[in-house]
Amino acid sequence: MKPINEVRSVMTPLNRKNVDTDQIISKEFLKRIERTGFGKYLFYHWRFQADGTENKEFVLNDDRFKDSKILVAHDNFGCGSSREHAPWAILDYGFEVVIAPSFADIFHNNCFKNGILPIRLRVEEVEELLSKGESAPYTLEINLEEQTVKGEDGKTYSFDIDPYYKQMLLNGWDEIALTFQYEEHIAQYEKKHA
């Protein structure tokens, strides 16, 4: 996994509640066996019309948010089934950070395991960000080490994160690598204090 600490990008405002994993990546695209290539199917039925043309009204089709690395959504993001393809699609599309007031637990954990930083902010803070991002492109700076989200206007929001997951993301470790690092640290400590 790629380490994450500082991410600076225009945010993509997805002002929808209860976005489930079938909306993130629809079941007809789950036949692939690789973890890559799912980004083109992200929010497919929202991004495209039945005839395959782009839905110009959908935020991901707005050129102002092209190459955005930060997705801001509303309550209960990632609900529904536990498919790990949902964070694969988000990451493959280019998002490194997802901000919402709440996440489904399995989706939340799958984000960490796949190198995505899910940030929980208070509802009113997320609504403020969505409002700013919908009125004009709005750049955010995420600092994982400091656990802050800073807007281009200087407004700063703080977030909490489990230290275990923080270390995983800062170092680009998966759970196996993190476990190995802790075991190595304990072995060295015991050897030093034997």
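1. How many nonpolar, polar and charged residues does the lining of the second largest pocket have? It has five nonpolar, two polar and four charged residues. Here Ala, Val, Leu, Ile, Met, Phe, Trp, Tyr, Cys and Pro count as nonpolar, Asp, Glu, Lys and Arg as charged, and the others, Gly among them, as polar. Among the lining residues are P13, R16, F58, G133 and E134. A pocket is an open set of points on a 1 Å grid where a 1.4 Å probe fits, with protein on both sides within 12 Å along at least five of seven lines; lining residues have an atom within 4 Å of a point.

2. This is a predicted model: local features need pLDDT of at least 70, side-chain atom pairs pLDDT 80 or more, while totals for chains, interfaces and linings use all residues. Residues are numbered from 1 along each chain as its sequence is written, and side-chain values use heavy atoms, without hydrogens and water.

3. The largest pocket has three nonpolar, one polar and six charged lining residues. R47, E54, K66 and D67 are among them.

4. An open sheet holds seven strands, ordered β4-β3-β2-β1-β5-β6-β7, with mixed pairing. Its edge strands, β4 (117-120) and β7 (156-158), each pair on one side only. Strands are DSSP runs (E, at least two residues), and two of them pair if DSSP finds at least two bridges between them.

5. Strands β5 (139-143) and β6 (148-151) run antiparallel, joined by four bridges. L140 stands opposite G151 in β6.

6. G172 follows α6. Its phi is positive, near 70°.
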